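Open the model in your viewer and keep the selection panel at hand. Each stop says what to select and what is there.

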Amino acid sequence: MSTKNDEMILQLKKKVEEQKAELAKLPRTLQAETSTVLRQDVDNLNLRVMSVEQLKLLKVKLHTYAMAAADLKIGIDEVVISGYSIDKWMHDIDTQISVLTRAEKEKKLKETEATLNRMLSDDKRTELELQELAKMLG
């Protein structure tokens, strides 16, 4: 026997599962095309330790270089920073932003799921556990 709240909780849990499936499509780690350490002027910038905001700002800077190169009729692959072309840096920045975003979203989804599980009635929780056991046993 389930209550209206249980039904609402189950619908919300289904949404959490859908969002988890979307997150599964994002990379878990940065598979870099570069060394991930960009030397800019006198600073070394390590993509692996930068925040999302810092990565976005760096991407804007690199984009201005790409636009300037295009205006000057210089190929983007000809503009090399710390041994790698701008497009490789942009790829790694985008990937690292996805990695960081995924981690934050996963954390929030786990917290939401745990809250929803706590809110289920004992009867409904038992019913769901029995269903899972039945699936496992075939």
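Select Q96 to start; this residue sits in helix 3, residues 86-119. Helices here are DSSP runs of H or I with at least four residues, strands are runs of E with at least two, and both are numbered from the N terminus. The model is a predicted one: local features need pLDDT of at least 70, side-chain atom pairs count only at pLDDT 80 or more, and totals for chains, interfaces and linings use all residues. Residue numbers start from 1 along each chain as its sequence is written, and side-chain values use heavy atoms, with hydrogens and water left out.

Is Q96 buried or exposed? Q96 is buried, at a relative accessible area of 6%. Buried means under 20% relative accessible area, exposed means over 50%, and partly exposed is in between, with a 1.4 Å probe and protein chains only. Now show what surrounds Q96. Setting aside neighbours within four places in sequence, Q96 is in contact with L30, L47, R48 and L55. Contact means heavy atoms within 4.5 Å.

D94 counts as partly exposed, at 33% relative accessibility. Draw a line from D94 to L30. This pair is 64 residues apart in sequence, and 9.5 Å apart in space from C-alpha to C-alpha.

Next, select E113, again in helix 3. E113 is buried, with a relative accessible area of 16%. Which residues does E113 touch, not counting those up to four places away in sequence? They are V16, E17 and K20.

Move on to two loops. Select K73, in the loop between helix 2 (52-71) and strand 3 (80-81). K73 is not a glycine, yet has a positive phi of about 60 degrees. K73 is exposed, with a relative accessible area of 76%. Then pick S82, in the loop between strand 3 and strand 4 (84-85). S82 also has a positive phi, of about 50 degrees, although it is not a glycine. At 31% relative accessibility, S82 counts as partly exposed.

Now go to helix 4 and select E127. E127 is partly exposed, with a relative accessible area of 27%. How far apart are the C-alpha atoms of E127 and I86? They are separated by 55 Å, for residues 41 apart along the chain.

Keep helix 4 in view and look for the largest pocket. Its volume is about 200 Å³. Select its lining: K13, N117, L120, R125, L128, E129, Q131, E132 and K135. Helix 4, residues 122-137, gives the most to this lining, with six residues. Colour the lining by class and you get two nonpolar, two polar and five charged residues.

A word on the terms used at this stop. On a 1 Å grid over the protein atoms alone, a pocket is an open set of points where a 1.4 Å probe fits, with protein on both sides within 12 Å along at least five of seven lines; lining residues have an atom within 4 Å of a point. Grid points are joined across faces, edges and corners, and the volume is the space filled by probe spheres set on them. Asp, Glu, Lys and Arg count as charged; Ala, Val, Leu, Ile, Met, Phe, Trp, Tyr, Cys and Pro as nonpolar; the others, Gly among them, as polar.

Zoom out to the whole chain. Colour by secondary structure: there are four helices and four strands. From the N terminus on, the order is α-β-β-α-β-β-α-α. The radius of gyration is 23 Å, well over the 14 Å that the globule rule gives for 138 residues, so the chain is more spread out than a compact globule. That radius is taken over C-alpha atoms, and the rule is 2.2 Å times the number of residues to the power 0.38. Along the principal axes, the C-alpha atoms fill a box of roughly 70 × 30 × 25 Å.

Finish by colouring on burial. Of the 138 residues, 26% count as buried.
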